[in-house]
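User: Could you take me through this model? I would like to begin with helix packing and then move to other topics.

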Amino acid sequence: SSGDDSLQPSQGPPLSPEALQHVSRLLASVPSFMTPDVYFAQLAPQLFDLLDGNDGPEMSKAAGYIIGSGILGRRVSGAPGTIGWNLFARPLLQAIDPAQGEHDGAQPGYKMKPSLETTITSGRELKLAVHRLSALILSHPSPGLVKRLLGPLMLPIWGMMNCERSKNSMGTLWDEGHLLLETFIKYCASERQLSHLAENLLWDGPSEWNFASGSGGGVELRKREKDLMQAQNMIELVSQVDQRTDAFVKLLQSSQVNDGTIGAIFLDITKRWLIPEPNVGEKKPSLITSNDDLSDPLNPLSVLVNAKLVQAMLEHTKDKIAASPARIFQLVTQIVDQYVETDRVQKKTTRSTQKATYAGLGGIVKEGKSDGQRSTPGLSDEASDLVSIALSLLSTIVSAPDFKPNEEAAARLVTTRTSLESMLASVPQLPPSLSLATQNSMSLIELYTKTAAVPSTTRNFNKTTRLRNDRLGEDHAAHASALQYLSSDQPPIRAEGLSIVSSLISRNSPAIDTPSTTILLLTILAENDIDDFVSMNATKTLVVLAGRDPRMVVKMLLQRYVDPAESSSLEERLRIGEALIGVSDALASDKNSTAELTRGIAEAVMSVAGRRGQRPKQAEERRKTAALEAARREEAEQAWGGDVPTLPSFNPTTGKFSDDDDDDTTDPRTAADDAILHAIVDGWAGSGLEEDVRIRASALSVLAHVLEAALDAIGPALAAAALELTLSVLALETGDAKAILRRAAALVVMALLRALDAARERGERVGFGLAGRKLDEVVRALRYVQEGDEDGLVKGHVGVVLESLEAWRAKTLFGLHGEGSEEMTPRFGLGGGRLAGLSVDPGASERARPRIEEVE
């Protein structure tokens, strides 16, 4: 059997290093009566046969040492172009990368020879070449040989192994390719080469060929199809981003890359993500992309890859990244400087467009043309968010308890502080949240540079600065205590920690960093066994934090609530829904500056409430759980020889088992109710082809709250879409399991009606109304639901809404306003109390009555 074969001893005797060196020198020496070409041509098949392991692993290692050290390690026989290189190295390299067969190590833009064959290297040939290369390299690794053989093959090996993995299999190509890349990274890979690999994470071949599924089910090299329908589709590539990102980070970890290299790679990836520099040449956006486009930082797929890499490296290598903070400070400085430069360019452009000159007219014409370069963005919300993220990263590193800046880090901090001062001075119209974050970062730098090895001039703080730093130190001590309290398992202690955080937020303490604090609170809400008291306090703290930086907090809340990556639990999303209700109340108090955020909340919850929110990962988990349960049931039935008997259950109230109870029969009504409840709960989760019913009901509840609190900020288009959504839910979402969804939809209509009535009472125009044919359609749809729905609560809710709509119809028809007796009087076309078309004023006598006033 295969297990017995693996236990067989080596067919060849073990060789000592001295013996290997002697044999290597002997076989690498060409006999005097033979030419090198003839000798090595006869020797190559025999050494390859040994290298393949046909005579045992010991002889395979010996053959690898002879080829690598004795032949390829000598200039006369192993240099590119010599007979040794052409016989032993070039066939292996050419099988994995055909370019190596044309230019021995170089990889310029080459041309494939025209041929009708589409397969360049078959799956069997590719496996054989990778196995021989692995045996040659791993037998006795030599830095020089590893660099010469694996340096040109880094991208092809990466594309090959990931191509095999994308076929839901991890075979020999993945295992041996992973070992080869590990060896290359350990021995001779540079920071630039690793960054180049990260830059081409989705690479699967040049424009001439690519790795693809072979006819035998493996991986082979094929000529790339020129037809656009066979080109790489962006949607197909997106599905590989997470897989390849995870593989890259794990490769760095298994290769034991040092902290400095990890920091340099992270800095390079973050620069490409946050400060992209476009490639030269005009490109049009398209869903069809090529490998040449994947290295362009402005390509949407490249932006996604870089963002995923930054996220993965922060999750898995944050300790190594924090070990070299000077690089992070340099990145923050560059982002801030770019923000300031963007503001300067924008102001210059604004001034030039205000002048009526021929140059200005020429600039207007050029504005509509693309020259392949990225246009200079204005100080948009995205640019401000970018600076906020950078300052959050800076604050997280500087405020860490074990942060001790060295000379380089301290010098970078001084430079960063100068850039922050320049931003505050040159950009007077900073968003309030960004201005506060900038001042907080400057205070942190002032506090921590006092203990760093910096010039003495930077330590001459005045009395005001010392007092501010003392307060900052107290706030940091309180924040550290709060974090310690939050790590406790006692709910009252954790609630006290949240109370401290909330108080620090309320007084705009520099110790509070908005992004990291938001992540902390979301992490608390994500706990499965969280106490309700702690959850309520965390929700309140999130609402307070949203008042400090609403854009950042709302953005992070919505990302977790919508959960496109399916990484959040149902309980966490429901708790975030409660927080969104509180945040929407806070936003309603300042509708002018937060209208866009309110619309964003409405759009997000409407997308969740709709039926298009598929959950493929949850569907797959549910399928696996069902298959596992079926397998267990089948195993139990085989063990019992038939149906599995129902074991008696213990009743803790009576202290008896179910078979020992006096009542042998169960109440049929109770059993029916239990069956209905189980069916409803099972129906909530659904099939995974749509969102969970509970989260959809939560989204409708948030939508109702937003409509009632800020209808004028949402706008008529979203209000009309919300009404259409709720009516569709009431009509289409049938069944007992969807009853909670229909109840929430009825409350949305009621909230919309309340908002319209409140706006009418205030005399405001919101651009949306319920009247005429639209009102008749709504009433008709609600009456249909009231007559046909089987849920009593749904009927009750819809009945209340119908009564309110009739009252609304009468109110709008008779022009009723308010509750006073004077304004409740129907007007019937009396324009301001006068009869239209007549000069008669019925109220003139009342208005002309004399008033008695007391005069001194």
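This is a predicted model: local features need pLDDT of at least 70, side-chain atom pairs count only at pLDDT 80 or more; totals for chains, interfaces and linings use all residues.

User: What is the angle between H28 and H29, and how far apart are their axes?

Analyst: Helix H28, residues 550-562, packs against helix H29, residues 570-588, at an angle of about 150 degrees. Their axes are 9 Å apart.

User: Why are they called roughly antiparallel?

Analyst: Angles over 145 degrees count as roughly antiparallel, and the angle here is about 150 degrees. H28 and H29 are therefore described as roughly antiparallel to each other.

User: Changing topic to strands: what is the order in the open sheet of three strands?

Analyst: The order is E1-E3-E2, and the pairing is antiparallel. E1 (119-121) and E2 (209-213) stand at the edges with a single partner strand each, so one side of each has no neighbour in the sheet. On average, neighbouring strands of this sheet are turned by 45 degrees against each other, direction ignored.

User: How many bridges join E2 to E3, and how many join E1 to E3?

Analyst: Five bridges join E2 to E3, the strand of residues 219-223. Among the partners, Trp-209 is bridged to Lys-223 in E3, and Ala-212 is bridged to Glu-220 in E3. E1 and E3 are joined by two bridges, with Thr-119 standing opposite Arg-222 in E3.

User: Which helix lies across E1, E2 and E3?

Analyst: That is helix H8, residues 123-139, which runs at about 115 degrees to E3.

User: One last topic. How many aromatic pairs are there?

Analyst: The count comes to five aromatic pairs, taking ring centres within 6.5 Å as the cut-off. One of them is formed by Phe-48 and Phe-88. Their ring centres are 5.6 Å apart and their planes stand at 45 degrees, so this pair is tilted.

User: Where do Phe-48 and Phe-88 lie?

Analyst: Phe-48 belongs to helix H3 (residues 36-51) and Phe-88 to helix H6 (residues 83-96), so the pair ties together parts that are 40 residues apart in sequence.

Note on methods: Residues are numbered from 1 along each chain as its sequence is written. Side-chain values use heavy atoms; hydrogens and water are left out. Axes are lines fitted to C-alpha atoms, for helices over the stretch in contact, and angles run from 0 to 180 degrees between N-to-C directions. Helices (H or I, at least four residues) and strands (E, at least two) are DSSP runs, numbered from the N terminus. Angles under 35 degrees count as roughly parallel, over 145 as roughly antiparallel, 65 to 115 as roughly perpendicular and the rest as oblique. Two strands pair if DSSP finds at least two bridges between them. Contact means heavy atoms within 4.5 Å. Rings of Phe, Tyr and Trp (its six-membered ring) pair if their centres lie within 6.5 Å; planes under 30 degrees apart count as stacked, over 60 as edge-to-face and the rest as tilted.
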